[in-house]
Structures are given as C-alpha cells and as structure tokens.
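Keep the viewer open while you read, and pick out the residues as they come up.

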Amino acid sequence: MRIDVLTLFPELFDPFLKASLLGKAIQAGVLTVELTNIRDFATDRHRTVDDAPYGGGAGMVMKCEPIVAALDSLEGRNSRERVVLLSPRGQRLTQDLVQDLGEEEDLVLLCGRYEGVDERVAETLVTDEISIGDYVLSGGELPAMVLIEAVSRMLPGVIGAWESVETDSFFEGLLAPPQYTRPPSFRGMDVPEVLMQGNHAAIRRWRRKEALRATRERRPDLLTGLTDIDQKLLAEIELETP
Ligand code: SAM
C-alpha cells in the first residue's frame, strides 16, 4: 500500500514512521508513506498557504490553490481514488472503516490546520472526510498518524500473528477479553485458573465469555448480531451479575 500525506508539518511524521512495527513494515516495503509539504506549492514570495475567512471571524483558512497543486503533483504516483480529509466534521473512524481503507492500493491523506480547509477542496477533491473523535486538535497530522497506524495493522505481514489482530477489540464487533502474563499471583490477585490449565477449548470459551462480559458492561451498543452460543454465554453472565 502507498499512502501520500499532504501536510504543512511533514517533520512531525519522521519519528513515527521509523519506530516499531510501522517502521519495520516500511523497511520491508509492505507500506510506503510519502510526505508532501503543501507549502512547497505556494506560489508567492511569502509561501502563503492560508488566508482570512470570507464573512469575517477569527483564524485563517487553508487556501485551495496550494492544496490542489500538491494533489496534482501526485499524478501518476498515486491513483488518487481515495482522498481523505482529516476533519472533526467527518465520519467517525471505526474498525470497519479502517478495514475498508486497508483494502485500497493507495490513499491520500490531507491534514488541515488553522480553522480548516476551504470547503471547495472538500467538495470537489475529497472522497472521505474522517474524524478520529468528537474533540478538536490543532491539526490533521495526529489523526493521519492514527489512521496510518490502524490501517497498517490490516496489511499482511505487519502484525506477526494475524490471530492477534482478529482477537483485538472491535475486529469481530466485541471488546477484547482481559489478558494476563506472569507472575501467576500479583499482590494477592491471581490469574484465572482456566488460563493456566492448557485446555484450549475451555480457554476459547472463557475468552469469548469475558469479551461479552466486558462489552456488556462497557459498550452494550456493540452487542448486536450475536450467535446462539453468545446468547447462552450472555444469559450465564446475567445470572452471575448481582
Ligand atoms: N474549525 C474546525 C472545526 O471546528 O471543525 C476545526 C479546525 S482544527 C483546529 C484544524 C485541523 O485539525 C482540521 O482541519 C483537521 O484537519 C484537524 N482535526 C482537528 N480535530 C480533528 C479530529 N477530531 N479528527 C480529524 N481531524 C481533526
């Protein structure tokens, strides 16, 4: 997969793209991330990329021309089928959307700054407006990094064991069950017996039930489309819950 990021602050991405699993994926050629500085496409002496909003009001708005020129510079390097504007006004990023984006050969991510991007860019060139949550950051760079990291986990070879992706929260619609590691007893708190007995069927059942329990307690809105077995496990949980 190739991801092009259009930003006014490409330097923010440098350590992020070198570290950990993402750094390895880029080194291995599973993923290519290219950074384009929108300011390089400003044409005036002051390299202006923003201007005052029509109608007055506080702050500045990112101008159309440098963004469009930056997008045009990708011609031939990227199919540009999916151009994502990171924006608090966008569709909320979910695991389903991450999986959908992970199927693409390439993506363009456009990072806003100031009061945001001139609406005419969003209307004509952007295919997806995506928000990472109901709060406002100063720029689209962190949201773009969130999206890159989440999407990269969907690419073959990035996460060593695919099973660990499949058992993550949201992948199959539920929250993940709790996890434990050594020591078996810590400050009087013991690891559940079932996890130490090596009975894989019992462990699978326990994990499913605890995933359902966590989801029921924390995110009941996610409990949809459950199988008969899930319904039985939920009924057990109901009986166990005071
Ligand atoms: N005036 C805009 C509004 O109220 O919707 C906020 C602009 S924000 C200060 C500047 C840029 O940060 C946005 O253009 C967007 O690219 C990015 N941004 C801020 N919060 C975001 C969020 N929750 N999700 C995605 N991008 C966000």
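The report below goes from the domains to the cores, and then to the ligand and one serine beside its shell's strands.

**Domains**

Please keep in mind that this is a predicted model. The protein is divided into domain 1, covering 2–152, and domain 2, covering 167–240. Taken over C-alpha atoms, the centres of domain 1 and domain 2 are 37 Å apart.

In general, nonpolar side chains in soluble globular proteins tend to be buried together. In this model the largest nonpolar core has 32 residues, and the members that touch the most others are Ile 3, Phe 13, Leu 109, Leu 147 and Ile 148. Several helices and strands build this core: β1 (2–7), α1 (14–18), α2 (20–27), β5 (83–92), α4 (95–102), β6 (106–111) and α6 (141–152) each supply at least two residues. Helix α6 gives the most, with 6 residues.

Leaving aside its neighbours within four places in sequence, Leu 109 is in contact with Ile 3, Asp 4, Val 5 and Leu 6, with Val 84 and Leu 86, and with Ala 144, Leu 147 and Ile 148. There is also a second, separate core of 19 residues, which includes Val 49, Val 108, Leu 110 and Val 126.

**The ligand**

Around the ligand there are 20 residues, of which Leu 86, Gly 112, Glu 115, Tyr 135 and Leu 137 come nearest.

| Residue (polar backbone atom) | Ligand atom | Distance |
|---|---|---|
| Ser 87 | nitrogen | 3.3 Å |
| Ile 132 | nitrogen | 3.1 Å |
| Tyr 135 | nitrogen | 2.8 Å |

On its own the ligand has 590 Å² of accessible area, and the protein covers 84% of that.

**A look at Ser 131**

Ser 131 has its place in strand β7. Is Ser 131 buried or exposed? Its relative accessible area is 3%, so Ser 131 counts as buried, the cut-off being under 20%. Apart from neighbours within four places in sequence, Ser 131 is in contact with Ser 87, Pro 88, Gly 90, Gln 91, Arg 92 and Leu 93.

Terms used: Residues are numbered from 1 along each chain as its sequence is written. This is a predicted model: local features need pLDDT of at least 70, side-chain atom pairs count only at pLDDT 80 or more; totals for chains, interfaces and linings use all residues. Side-chain values use heavy atoms; hydrogens and water are left out. A nonpolar core is a set of buried Ala, Val, Leu, Ile, Met, Phe, Trp, Tyr and Cys residues joined through side-chain atoms within 4.5 Å. Buried means under 20% relative accessible area, exposed over 50%, partly exposed in between (1.4 Å probe, protein chains only). Helices (H or I, at least four residues) and strands (E, at least two) are DSSP runs, numbered from the N terminus. Contact means heavy atoms within 4.5 Å. Domain bounds come from an automatic or database domain assignment. A residue is near a molecule or strand if one of its heavy atoms lies within 4 Å of it. A polar contact is a pair of N or O atoms within 3.5 Å; within protein, one must be able to donate a hydrogen and the other to accept it, and residues adjacent in sequence count only if both atoms are side-chain atoms. Accessible areas come from the Shrake-Rupley method with a 1.4 Å probe; for residues, only the protein chains shown count as cover.
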